[in-house]
Amino acid sequence: MLFGMWDGVYFHLGPIPVDHLVVTEWAIIALVGIISFMATRKMQLVPTGLQNGFEAIILFTYDFFTQLMDEEHVAKKWAPLLTSFFLFILISNYSGLIPGAAHVQGFQPPTSNWNVTMTLAIITFFSVHIAGFSEHGGHYLHHFVSPSPLMLPLNLVEEVAHPLSLTVRLFGNIFGEEMVLAFLLFLAPFIVPTAIMGLSMLLGAIQAVVFTLLSASYIGAAAGKGH
Amino acid sequence: MTDKPKYAWARSLSDAINLATTAAAAVGICLFVGWWLDQRFGTEPWFVALGALLGVATAIKSMWDKMMKNTKRRQGLDRKDTQRDREN
């Protein structure tokens, strides 16, 4: 048990232990994958049903990220990753809201574990620098010594602070919410936790939006004309 | 008058959260590294003090950068509006 969370291992893949959070993550990835496959299986010129919904979502995300990142081609390049982040985090956050889920092994939200949030933040960290190098080439390194070489330590600390803040914010919010829910379920199993669960619906969506927005903002800043 | 850009709320929300959390994370990282170095070399409290200064300086620099960027963006939007008014 770590911070009251069950950390049991289901099986090993070679030397790598696979615990319940990893299995939940696989289930979430499979869910998103299956829905996406069903939406794009029989594409039609005039979309209907699921394809229609997906096209609306994709058009919205392209427009949204273009406004946020200023450059349309950068937004189109990174929108798939950012939208995947949003869907994964949203479903992960909500996976703990199934009534009684806090007590069932395998139903704790993966985002309530800092290993998961740190992994997402590290993906963002590398994406930011890949976006910077792909847009500006070697000149991207210049921003580390901008406006003066004296600023190098400050710029380096800022680069490390971004993934740390992404990690801690998402983990802290979801873990805290899960702990409050678990205590309330223990004290009063019926009706009382419902209000917190309603709040958790809002919190889960806000955290997914915030993580995606900040990742988009960091990528946009690295790939933008400012560098 | 400057037209409000689409999804301006998203940019504002992202800037606000980014500033607050980057400042906190920068101070936290620098203090932790300073504390670790002090423990390692027995130089208490010098590295912690240096870390606190570096963290606060990073937070202020981050805010300054964001402010300058937003000012430039606003000036760009104003310039576009003036150009459009002239054309009309």
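Two residues are in contact if their C-beta atoms, placed from the backbone, lie within 7 Å. The views below come from a predicted model, in which local features need pLDDT of at least 70, side-chain atom pairs count only at pLDDT 80 or more, and totals for chains, interfaces and linings use all residues. Residues are numbered from 1 along each chain as its sequence is written, and chains are lettered from A and ligands numbered from 1 in the order in which they are written.

**View 1. The side of chain A that touches chain B.** In this view, 19 residues of chain A are in contact with 22 residues of chain B. Helix H2 (49–69), helix H5 (152–187) and helix H6 (192–223) of chain A each give two or more residues to this side; helices are DSSP runs of H or I with at least four residues, strands are runs of E with at least two, and both are numbered from the N terminus. H5(A) provides the largest share, 10 residues. By class, the side of chain A that touches chain B holds 12 nonpolar, 5 polar and 2 charged residues. Ala, Val, Leu, Ile, Met, Phe, Trp, Tyr, Cys and Pro count as nonpolar, Asp, Glu, Lys and Arg as charged, and the others, Gly among them, as polar.

**View 2. Chain A as a whole.** Chain A has 6 helices and 2 strands, which follow the pattern β-β-α-α-α-α-α-α along the sequence. Its C-alpha trace spans about 60 × 55 × 40 Å along the principal axes. Of its 227 residues, 33% count as buried, that is, with 20 or more other C-beta atoms within 10 Å of their own, C-beta atoms being placed from the backbone. Among the contacts in chain A with a separation of 6 or more, 64% involve residues 24 or more positions apart.

**View 3. The crossing of H1(A) and H3(A).** The axes of helix H1 (residues 20–40) and helix H3 (residues 72–95) of chain A come within 10 Å and cross at roughly 125°. Axes are lines fitted to C-alpha atoms, for helices over the stretch in contact, and angles run from 0 to 180 degrees between N-to-C directions. H1(A) and H3(A) are therefore oblique to each other; angles under 35 degrees count as roughly parallel, over 145 as roughly antiparallel, 65 to 115 as roughly perpendicular and the rest as oblique. H1(A) contributes A:Thr24, A:Ile28, A:Leu31 and A:Val32 to the contact, and H3(A) contributes A:Leu87, A:Phe88, A:Ile91, A:Ser92 and A:Ser95. These residues comprise 6 nonpolar, 3 polar and no charged ones.

**View 4. The crossing of H3(A) and H6(A).** The axes of H3(A) and H6(A) come within 9 Å and cross at roughly 160°, so the two helices are roughly antiparallel to each other. Among the residues that make the contact are A:Trp78, A:Phe85 and A:Tyr94 of H3(A) and A:Gly204, A:Phe211 and A:Gly220 of H6(A). The contact of H3(A) with H6(A) has 14 nonpolar, 6 polar and no charged residues.

**View 5. Chain B.** Chain B has 2 helices and 0 strands. The radius of gyration of chain B is 20 Å, well over the 12 Å that the globule rule gives for 88 residues, so chain B is more spread out than a compact globule. This radius is taken over C-alpha atoms, and the globule rule is 2.2 Å times the number of residues to the power 0.38. Along the principal axes, the C-alpha atoms of chain B fill a box of roughly 70 × 20 × 15 Å. Buried residues make up 22% of chain B.

Technical notes: A residue is buried if 20 or more other C-beta atoms lie within 10 Å of its own, exposed if 12 or fewer, and partly exposed in between; C-beta atoms are placed from the backbone.
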